[in-house]
Amino acid sequence: MSGGAAELEARLKTYEGRAAAVAGVGKDPVNEPMIRHWCEAMGDTNAAYTGPDAVAPPTMLQAWTMGGLSGHEGRSDAYDELLGLLDEAGCTSVVATDCEQEYLRPLRPGDEITFDAVIESVSERKTTKLGTGHFVTTRMDVRANGEPAGTHRFRILKYAPARTRSKAGRPRPVVNRDNAGFWEGVGRHQLLIQRCGGCGTLRFPWLPGCGACGSPEWDTVEASGEGTVYSYVVMHHPPFPAFDPPYAVGLIELAEGVRIVSNVIGVPYDKVRIGMPVRLRFERYDEELVLPVFRAGAEGGR
């Protein structure tokens, strides 16, 4: 490591443990309309999220802390200084990489949300396919009416984009013990949906337990491949080398009733419409990577 790089890493490490946000306040209390919108988008029909004793889905934890386009006033100078230091070092691009959440108590409509955040860690210099940079992890401690409600860890990569003329390969999916069976099915050109062994509810994406009854038992059913565009976005930025924007990314409602996010192909991006029928097909992007996509306007096929 050069002297300049070592000096930079030493300076970056001094930000660990410093506040990223202090005395943050949620823009809105936990409320039923946001819960309803979330559940509709996710296709989550759990009865626990409706009615007079409703709770918010645990995975909404971060949603109640978001500042929207106007941001939050509680963000610390230290966090801005850290990002500025990385910018000066050429790490001008950013991509979110992963998050982890821990839930301490249910959130209910009317709960007032407050939070603090700390810069938990800054990694040594890492080289990725996107470029070379540093992973920055923040930990947010969320409170509801002053009581600890959960912890949200969020990790980004601040990096200097790799300079290459050749088109980069598609990013690899994150395969873990909870979803390995799904990706094994994709390798066989099968789109597998989990089915609860307790109540029979179908679920996607794959989870270790049923959101309807809590049972850890499950098996799978193979999707027929028929679906419709439930919602979609057209991606223009950021222009990752492996993709050729603009392109359409759809939330596809399968005939079985669950939804999956994937590319919509077969028609120009500006011709994709909500309600458009689509058909599953499997696209091979290189020797190792096969992904499920959905073709509109023509038969899919395998």
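Rings of Phe, Tyr and Trp (its six-membered ring) are paired here if their centres lie within 6.5 Å; planes under 30 degrees apart make the pair stacked, over 60 edge-to-face, and the rest tilted. The model on screen is predicted: local features need pLDDT of at least 70, side-chain atom pairs count only at pLDDT 80 or more, and totals for chains, interfaces and linings use all residues. Residues are numbered from 1 along each chain as its sequence is written, and side-chain values use heavy atoms, with hydrogens and water left out.

**Stop 1: the aromatic cluster**

Select F182, W183, F204, W206 and W218, which ring pairs link into a cluster. The structure holds five aromatic pairs by this rule. One of them joins W206 and W218 edge-to-face, with 5.1 Å between the centres and 65° between the planes. This pair links distant parts of the chain: W206 belongs to the loop between β8 (202–203) and β9 (218–222), W218 to strand β9, and twelve residues separate them. Helices (H or I, at least four residues) and strands (E, at least two) are DSSP runs, numbered from the N terminus.

Is each of these two residues buried or exposed, or in between? Buried means under 20% relative accessible area, exposed over 50%, and partly exposed in between (1.4 Å probe, protein chains only). W206 counts as buried because its relative accessibility is 8%, whereas W218, at 38%, is partly exposed.

Next, select F243 and Y247. Their ring centres are 5.5 Å apart and their planes are at 20°, so this pair is stacked. Y247 is buried, with 19% relative accessibility.

**Stop 2: the cis peptide bonds**

Most residues other than glycine have a negative phi, and most peptide bonds are trans. Return to F204 and display the backbone: the peptide bond from F204 to P205 is cis, with omega near 5°. P205 is placed in the loop between β8 and β9. Then select P245 and P246, where the connecting peptide bond is also cis, with omega near 0°. P246 lies in the loop between β10 (226–235) and β11.

**Stop 3: positive phi angles**

Select A23 in strand β1. A23 is not a glycine, yet its phi is positive, near 55°. At 53% relative accessibility, A23 is exposed. Move on to H189, in the loop between α4 (180–187) and β7 (192–196). H189 is likewise not a glycine and has a positive phi of about 60°; with 23% relative accessibility, H189 counts as partly exposed.

**Stop 4**

Select residues 32–42, the span of helix α2, together with N31. N31 caps the N-terminal end of the helix, through a side-chain oxygen 2.9 Å from the backbone nitrogen of M34. Just after α2, G43 has a positive phi of about 70°.

**Stop 5: the second largest pocket**

A pocket is found on a 1 Å grid over the protein atoms alone, as an open set of points where a 1.4 Å probe fits, with protein on both sides within 12 Å along at least five of seven lines; lining residues have an atom within 4 Å of a point. The second largest pocket holds about 630 Å³ of space. Select Q62, R75, Y79, M140 and F154, which are the closest to its centre among the 22 lining residues.

Which elements supply at least two residues each to the lining? These are β1 (19–25), α3 (77–88), β3 (113–122), β5 (131–144) and β6 (147–161). Strand β5 gives the most, with four residues. By class, twelve lining residues are nonpolar, eight polar and two charged.

**Stop 6: T151**

Select T151 in strand β6. T151 is buried, at 10% relative accessibility. Its side chain makes a polar contact (here a pair of N or O atoms within 3.5 Å, one able to donate a hydrogen and the other to accept it) with the side chain of D141, at 3.4 Å. Leaving aside neighbours within four places in sequence, T151 is in contact (heavy atoms within 4.5 Å) with L61, E100, Q101, E102, R139, M140 and D141.

**Stop 7: L254**

Finish at L254 in strand β11 (residues 247–254). With a relative accessible area of 5%, L254 is buried. Beyond its neighbours within four places in sequence, L254 is in contact with L191, I193, A223, E226, G227, I260 and F294. G4 is 250 residues from L254 in sequence and 53 Å from L254 in space, C-alpha to C-alpha.

Note on methods:
Points joined across faces, edges and corners; volume = space filled by probe spheres on them. Nonpolar A, V, L, I, M, F, W, Y, C, P; charged D, E, K, R; others polar.
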